[in-house]
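Please take a look at the packing inside this protein.

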Amino acid sequence: MESGMGKELASGSAGGPAGDPVGGPADGPGGRSAKRWTLVGVVVGSAVVGCAVLGGVLTAAPPERGGPPPAPGPVARAETAVGAGAPASLPDLVALIGDREAHLRAHPGDVRSWAVLGAAYTERGERTGDARFYPKAEKALRTSLRAKPRKNVEALDGLAALANARHDFRAARKWGEASVAASPKRWTAYPALIDAYRGLGEFKAADKALARLVRLPKGAAAPRARVLARAALVHRDQGQREDAAAALSDAVALASAPAERADCLAGAGELAWERGEPTESLRAFEAAVRADPDGHSALAGQGRALAALGRTPEAVRAYRAASEKRALPQYAWELGELYESLGLGDEARAQYDVVRQRVREGAAGGVNSDLVAGLFEADHGDPEAAVRLLREEWERHPSAAVADALGWALHRAGQHEDALVFATKATDKQHVGAVRSAPYAYHRGMIERRLKMEGPARRHLEEALRISPYFSPLGVPAAKEALGALGQV
């Protein structure tokens with residue numbers, strides 16, 4: 001008799017979310033679906049044997065047992081990558097998902113394979129921007145954890161990575177800390193935990209977690225490229241951009257797979273962009289695309305840099321290619337603002353509609369897009385709604401990025417004094433995590449100008465243009481106009 005799981009697998013779910021994807025269970029972090037699902041277990045003695053779940057159907061599973069080792073080639077490459085929290089190529093991920101689904105039809109009690117499948121679903125959702133993979137990932141990971149609730153570090157690591165992908169950083173911290181507590185010398189828990197701390201604005205905790213990762217014994221040490229990639233993010237959050245760039249340069253040299261190398265190159269491109277160096281940024285993004293043609297963030301970075309260099313038709317093509325690779329709202333937003341800066345209002349409005357559609361699609365898969373949606377609505381929609389969204393996001397994740405966005409939304413809603421409080425949190429160096437950012441300085445300068453604080457306003461607007469004269473196709477002209485109105489000292 002074929003199980004419900006087997007029926008769905010037979011329908012070819014490796015090519016995409018099959019059947020009727022539903023949200024994760026309501027009792028788990030990040031799970032927003034109201035649907036409930038029933039666990040059918042087999043009790044052996046006092047232990048509940050694991051259950052197999054896929055597509056919303058659960059079947060009784062025999063006791064845990066190991067399956068055959070994965071086949072060499074793309075399956076093995078993808079399994080190694082997702083197990084290490086490293087990016088995997090999209091074709092390899094498709095192969096891994098198909099392989100684990102087929103394996104689990106015959107071995108539904110293989111706890112580890114459920115964890116691997118869940119991690120692969122998460123990575124595929126990130127690679128494509130298709131949030132429908134996230135509920136499938138949560139079900140697979142929770143199946144593994146229910147069957148083996150103690151010291152199941154692979155499932156815990158997977159749940160931490162999934163929560164980060166959904167921007168549920170509190171849940172990611174919970175799962176990451178649980179994994180470290182279960183196996184403190186196992187390095188794979190630390191990258192997701194560092195990302196969770198960063199998302200929460202807990203930059204000192206991220207620094208401490210990085211130090212613990214670096215100090216792991218030699219036999220348990222992480223691949224050097226993975227350590228350097230996380231170190232670059234921590235350095236960047238502390239305003240140490242030169243150290244971050246050096247770490248990424250070394251990570252590129254040490255990366256063992258094309259997708260991992262592309263990820264590090266894209267990070268280098270982002271740092272160069274933040275420094276106001278579009279030519280160097282473009283060079284890094286182009287190298288990333290050559291290493292991994294499916295790299296969406298590098299394509300979007302190319303669009304940004306090409307627009308800054310005046311190569312507008314190429315920039316539009318790059319943004320469109322990035323949106324085809326990964327349906328993120330940010331890419332449509334940036335393309336819309338590029339169109340608006342060119343006076344193409346209809347094209348811009350069409351992209352802004354895409355932004356809202358993608359935010360809704362992400363929410364259906366459990367993704368928290370309040371930071372993006374709030375900042376977008378502040379500029380292109382309803383500032384009052386933006387304030388409500390971002391106040392809630394500040395309660396959840398009080399980071400510099402949220403402080404900047406909330407300050408700007410308050411300013412756009414006419415609450416300028418409150419706006420300056422949050423803009424200050426995002427930019428003053430005494431606040432840990434206040435990075436040197438052109439958009440942050442621009443937002444603060446515009447708020448100060450509205451409050452008739454002419455000296456500070458001039459200083460911060462000049463700082464924004466000094467950090468990067470290309471930071472926004474709409475913000476740069478506005479900053480220059482505001483400085484012209486303020487006049488010279």
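Predicted model: local features only at pLDDT ≥ 70, side-chain atom pairs only at ≥ 80, totals over all residues.

Are Trp333 and Phe376 buried or exposed? Both are buried.

**An aromatic cluster**

The structure holds six aromatic pairs. Trp333 and Phe376 make one of them, with edge-to-face geometry. Trp333 belongs to helix α16 (residues 329-341) and Phe376 to helix α18 (residues 370-380), so their pairing ties together parts 43 residues apart in sequence. Phe376 has a partner in Tyr352 too: the planes of these rings are at 65°, so this pair is also edge-to-face. Tyr352 sits in helix α17 (residues 345-364), so its pair with Phe376 in α18 links parts 24 residues apart in sequence. Tyr352 is buried, like Phe376. Trp333, Tyr352 and Phe376 form one aromatic cluster.

| Pair | Centre to centre | Angle between planes |
|---|---|---|
| Trp333 and Phe376 | 5.6 Å | 80° |
| Tyr352 and Phe376 | 5.5 Å | 65° |

Which residues does Trp333 touch, leaving out those up to four places away in sequence? They are Tyr352, Val355, Val372, Leu375, Phe376 and His380.

**The nonpolar cores**

In soluble globular proteins, nonpolar side chains tend to be buried together. Here, the largest nonpolar core has 55 residues. Trp333, Tyr442, Leu461 and Phe471 have the most contacts inside it. Helix α20 (residues 400-412) supplies the largest share of this core, with eight residues.

**A glycine in α16**

Gly336 is also in helix α16. Its relative accessibility is 0%, so Gly336 counts as buried. Beyond residues up to four places away in sequence, Gly336 touches Ala348, Gln351 and Tyr352. The C-alpha atoms of Gly336 and Glu347 are separated by 7.0 Å, with the two residues 11 apart along the chain.

**Helix α7**

Helix α7 covers residues 169-182. Its 14 residues should span 20 Å at 1.5 Å a residue, and its end C-alpha atoms are 20 Å apart, which agrees. Phe169, Ala171, Ala172, Trp175, Gly176, Ser179 and Val180 are its buried residues. How do they lie around the axis of α7? They fall within an arc of 165°, so they line one face of the helix. An α-helix has 3.6 residues a turn, so residues three or four places apart point the same way.

Trp175 has a charged neighbour. Lys174 lies over the face of Trp175, at 4.5 Å from the ring centre.

**A buried arginine**

Arg226 is located in helix α10 (residues 224-237). Is this arginine buried or exposed? Its relative accessibility is 4%, below the 20% cut-off, so Arg226 counts as buried. What is in contact with Arg226, apart from its neighbours within four places in sequence? The residues are Ala84, Gly85, Ala86, Pro87, Trp187, Glu260 and Asp263.

Methods: Residues numbered from 1 in each chain as written. Heavy atoms only, no water. Core = buried A, V, L, I, M, F, W, Y, C linked by side-chain atoms within 4.5 Å. Buried < 20%, exposed > 50% of the residue type's maximum accessible area, 1.4 Å probe, protein only. Helix = DSSP H or I, 4+ residues; strand = E, 2+ residues; numbered from the N terminus. Contact = heavy atoms within 4.5 Å. Phe/Tyr/Trp six-rings, centres within 6.5 Å; stacked < 30°, edge-to-face > 60°. Lys NZ or Arg CZ within 6 Å of the ring centre and 35° of its normal. Expected span 1.5 Å × (residues − 1). Arc of directions from axis to C-beta.
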